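Visitor: I am new to this structure and would like to learn how to read it. Please take me through it one feature at a time.

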Amino acid sequence: MQNLNNENSISEVDKIRSDMYLFLSGILQREPSDNLVGEYNNLDGDKTRIGKAFNIISDLSKKFSPSDIRNEYQNLFIGVGRGELLPFGSFYITGFLHDKPLASIRRDLNAMGIKRGDDFKEPEDHIACLCEIMSGMIIGEYGKYFSVPEQKSFFTKHIQPWAEHFFTDLERAKSAIFYSPVGTIGKLFMKIEEEAFLMDASR
């Protein structure tokens, strides 16, 4: 779809938010290619907790081979029958896959005029898909700019009820080494988003 916003019209804060969601989507959507692992070599974080987690990912991407990281992804999210974690909102909210939360997301996406990309094969309640949608809403990739209240509505309805729990599970997962700091980043970022939306509502 046409992006109605050029980069100059997006605030620096929103650009950072969009990039964070896009990073989480990209690293959790599928097993990483050799090229993507190479990009993680160049991550450079600051001294914040999130920044330190980015540095850990960079260090681990140099220590482990792409094959090692893909095997870890398999163990975490695919496995034999199922992986250690199921990164789906329906599962975390109801205990079942393809349940009411997924139907609710699909209804809202249809009403918002947002269509899932053809390259994404998982259901829309996959954490990577939801993060990709939030990134697109922020920077206007779906043909319109979604206001902060609209972003908040989507976040509080479809992400906030379970995402922080999922990222905490990822941070602590037995199979997670490379993906443990991804869990840290996701957990902290979800908390930042939640608090920012609350502050905005109080103004």
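Guide: We can begin with one residue. Lys-52 is found in helix 3, which covers residues 49-63. The model is a predicted one.

Visitor: Is Lys-52 buried, exposed or partly exposed, and at what relative accessibility?

Guide: The idea is to compare the relative accessible area with two cut-offs: under 20% is buried, over 50% is exposed, and values in between are partly exposed. Lys-52 has 48% relative accessibility, so Lys-52 counts as partly exposed.

Visitor: Which residues does Lys-52 touch, not counting those up to four places away in sequence?

Guide: Lys-52 touches Asp-46 and Lys-47. As for separation, the C-alpha atoms of Lys-52 and Ser-175 are 21 Å from each other, and these two residues are 123 residues apart along the chain.

Visitor: How many helices and how many strands does the chain have?

Guide: There are ten helices and zero strands. Read from the N terminus, the order of elements is α-α-α-α-α-α-α-α-α-α.

Visitor: How does the radius of gyration of the chain compare with that of a compact globule?

Guide: The chain has 203 residues, for which a compact globule would have a radius of gyration near 17 Å; the value for the chain is 17 Å, so the two agree. The C-alpha trace spans about 45 × 40 × 35 Å along its principal axes.

Visitor: What share of the residues is buried?

Guide: Buried residues make up 46% of the 203. The accessible surface comes to about 10,600 Å², and carbon and sulfur atoms account for 51% of that surface.

Visitor: What share of the contacts joins residues at least 24 apart?

Guide: Taking contacts between residues at least 6 apart in sequence, 66% join residues at least 24 apart.

Visitor: Where is there an example of a buried residue, such as Ser-18?

Guide: Ser-18 has its place in helix 1, residues 12-29. Its relative accessible area is 2%, so Ser-18 is buried. Not counting residues up to four places away in sequence, Ser-18 touches Ser-135, Ile-138 and Ile-139.

Visitor: How is a pair of aromatic rings described?

Guide: Such a pair is described by the distance of the centres and the angle of the planes. In this chain the count comes to 15 aromatic pairs. For Phe-155 and Phe-197 the ring centres are 5.3 Å apart and the planes are at 45 degrees, so the pair is tilted. Phe-155 lies in helix 8 (residues 148-158) and Phe-197 in helix 10 (residues 180-202), so the pair ties together parts that are 42 residues apart in sequence. Phe-155 and Phe-197 are both buried.

Visitor: Which residues form an aromatic cluster?

Guide: One cluster is formed by Phe-23, Tyr-40, Phe-54, Tyr-73, Phe-77, Phe-91, Tyr-92, Trp-162, Phe-166, Phe-167, Phe-178 and Tyr-179.

Visitor: Where does His-98 lie?

Guide: His-98 lies in the loop between helix 5 (89-94) and helix 6 (100-112). Phi of His-98 is near 55 degrees, a positive value in a residue other than glycine. His-98 has 58% relative accessibility and counts as exposed.

Visitor: How many positive and negative side chains are there?

Guide: The chain has 24 positive and 30 negative side chains, and the centres of the two sets lie 4 Å apart.

Notes
Residues are numbered from 1 along each chain as its sequence is written. This is a predicted model: local features need pLDDT of at least 70, side-chain atom pairs count only at pLDDT 80 or more; totals for chains, interfaces and linings use all residues. Side-chain values use heavy atoms; hydrogens and water are left out. Helices (H or I, at least four residues) and strands (E, at least two) are DSSP runs, numbered from the N terminus. The radius of gyration is taken over C-alpha atoms; the globule rule is 2.2 Å times the number of residues to the power 0.38. Buried means under 20% relative accessible area, exposed over 50%, partly exposed in between (1.4 Å probe, protein chains only). Contact means heavy atoms within 4.5 Å. Accessible areas come from the Shrake-Rupley method with a 1.4 Å probe; for residues, only the protein chains shown count as cover. Lys and Arg count as positive and Asp and Glu as negative; His and the chain ends are not counted. The place of a charge is taken as NZ of Lys, CZ of Arg, CG of Asp or CD of Glu. Rings of Phe, Tyr and Trp (its six-membered ring) pair if their centres lie within 6.5 Å; planes under 30 degrees apart count as stacked, over 60 as edge-to-face and the rest as tilted.
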